[in-house]
Amino acid sequence: MTAPAAPSDSDGDQLLVFDDAITQILQSARPEVAEALQACAVVHWFDEALIAALRADAAHADKILDRLTRFTFVEPIAPGRYALHDNVRARLLERWRGQPARLAEIHSRALAEFRRRLAEGPDDALAREEVYHLLAVDPRAGLRQVETLFDWAEANFRIEACEL
């Protein structure tokens, strides 16, 4: 078996070009669209209601969603539900490293929205999203929730409910 090839200089160059493209998109987009795009990187998927929840100003979430879905890196994953392409999401998440307080705020908003949805009825996918954001906001409480989720899944022969 051969060892994987070391990253080449061209890989770094490609990342710089990619980062430059993301920067240009964020700078040329309307401020509310750029803000929503960055916030959508924090969640695994988004819809109109989640965009409204993630923003300090929930107005015009429908129009912002419409603008976001025009980007080729925004992919429909279910009716009314979208996700950023993995590479775009990863690069946008890198930009959050210097803003821990703002990132925590976005995770808190997402957590509140997923809890609101879960109050309407159980849903495995929403429960996983709740845990993901709880781990970011309160790691100890998140770990307790993970344990609770796994215990429930094991007792109910639903271990697939724990997959991310």
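Predicted model: local features only at pLDDT ≥ 70, side-chain atom pairs only at ≥ 80, totals over all residues.
Trainee: In which sense do strand 1 and strand 2 pair, and which residue in the turn between them has a positive phi?

Mentor: Strand 1, residues 74–78, and strand 2, residues 81–84, are joined over four bridges, and they pair in the antiparallel sense. One of the residues to look at is alanine 78, whose bridge partner in strand 2 is arginine 81. The two strands form a hairpin with two residues between them, and the residue in the turn with a positive phi, of about 75°, is glycine 80.

Trainee: Which residues of helix 5 are buried, and how wide an arc do they cover around the axis?

Mentor: Helix 5 spans residues 86–95, and its buried residues are Val88, Arg89 and Leu92. They lie on the same side of helix 5, because the arc that they cover around the axis is only 100°.

Trainee: Is histidine 133 buried or exposed, and which residues is it in contact with beyond its neighbours within four places in sequence?

Mentor: Histidine 133 is found in helix 7, which runs over residues 124–137. Its relative accessible area is 0%, and because buried means under 20%, histidine 133 counts as buried. Leaving aside the neighbours within four places in sequence, the residues in contact with histidine 133 are Val42, Val43, His107, Ala110, Leu111 and Phe114.

Trainee: How are helix 7 and helix 8 oriented to each other, and what is the handedness of their crossing?

Mentor: Two packed helices are described by the angle between their axes and the distance between the axes. For helix 7 and helix 8, the latter being residues 139–155, the axes come within 6 Å and cross at roughly 155°. Since angles over 145 degrees count as roughly antiparallel, helix 7 and helix 8 are therefore roughly antiparallel to each other. As for handedness, the crossing of helix 7 and helix 8 is left-handed.

Trainee: Which residues of helix 7 and helix 8 make that contact?

Mentor: On the side of helix 7, the contact is made by Asp124, Glu130, Val131, Leu134, Leu135 and Val137. On the side of helix 8, the contributors are Pro139, Ala141, Gly142, Leu143, Gln145, Val146, Leu149 and Trp152.

Trainee: What percentage of the residues of the chain count as buried?

Mentor: The count is taken over the 164 residues of the chain. Of these residues, the share that counts as buried is 35%.

Key:
Residues numbered from 1 in each chain as written. Heavy atoms only, no water. Buried < 20%, exposed > 50% of the residue type's maximum accessible area, 1.4 Å probe, protein only. Arc of directions from axis to C-beta. Contact = heavy atoms within 4.5 Å. Pairing = 2+ DSSP bridges. Axes fitted to C-alpha atoms, helices over the stretch in contact; angles between N-to-C directions. Parallel < 35°, antiparallel > 145°, perpendicular 65-115°, else oblique. Left-handed = near helix turned anticlockwise from the far one by under 90°.
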